[in-house]
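Biologist: Please show me the protein. I would like to ask some questions about it.

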Amino acid sequence: MVGQIVSAGRGSKRKAPARSEGERQAKLQAILDAALDVFLEKGFADARLDDVASRAGVAKGTLYLYVPSKQALFEAMVRSGIGGPVGAIEQTIPDPHVSAEDQLRVLFHFLRTEILGTRRRDIVRLLLMEASRFPELAEVYHREVIARGLRILRSIAERGVDRGEFRSDEIVRFPQLAIAPALVALLWTSLFQRLDPIDIEAMLEAHLTLLMRALKGHPS
């Protein structure tokens, strides 16, 4: 789950690197996990790298071996936490021997198990909390996750139309419609699940069923 390590800026006080790449990756993951906790608790503006280093159990100088700034830390968190898994899906989806419907099912399974079912959902929550105040964070997330996800959806829908599996091209034009329930699920579980619990997996399956009926039916 750990992605690229961001180089520290010039002038950073460097300590001896971890003894192995595995140790470096484990330490980076501890830093990223701590950063997510601190950002969620304090907000991006009030969070300090000192807080992150303390939560991760490393010296602040050690943290600078991995990231040169707070925004770089956020970028590393997005790139490793969600960008990496999205890259794996990008490699899996284009299989020409798999139907467009099955490819959509793979994508929805990914959303359920790898985003909504893990701490990665907290990265999305953090973005929803902070994007209006820090639009540069939204730009990072859009570049690393959203734009790539929409390309995957469009490519699936285009193949479905080209093969005659889908009679409607709405998802080619508006791929956001396909993933809207995932955002509803995220907001619902964050705000209302305690008051009015819903079965997220069943809801997404129902959405996929309705989506297939619409795509395979006559266009309006």
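**Questions on a predicted model**

Modeller: D51 is found in helix α2, residues 49-56; helices are DSSP runs of H or I with at least four residues, numbered from the N terminus. This is a predicted model, where local features need pLDDT of at least 70 and side-chain atom pairs count only at pLDDT 80 or more, while totals for chains, interfaces and linings use all residues. Residues are numbered from 1 along each chain as its sequence is written, and side-chain values use heavy atoms, with hydrogens and water left out.

Biologist: Does D51 count as buried or exposed?

Modeller: Buried means under 20% relative accessible area, exposed over 50%, and partly exposed in between, with a 1.4 Å probe and protein chains only. D51 has 16% relative accessibility, so D51 counts as buried.

Biologist: Which residues does D51 touch, not counting residues up to four places away in sequence?

Modeller: Contact means heavy atoms within 4.5 Å. With residues up to four places away in sequence not counted, D51 touches V38, K42 and D46.

Biologist: What is the mean pLDDT of the protein?

Modeller: pLDDT is the predictor's confidence in each residue, from 0 to 100. In this model 90% of the residues reach 70 or more, and the mean pLDDT is 87. Over residues 1-18, however, the pLDDT is below 50. The value asked for is 87.

Biologist: Which element has the highest mean pLDDT?

Modeller: Helix α4, residues 70-92, has the lowest mean, 89. The highest, 95, belongs to α2.

Note on methods
Helices (H or I, at least four residues) and strands (E, at least two) are DSSP runs, numbered from the N terminus.
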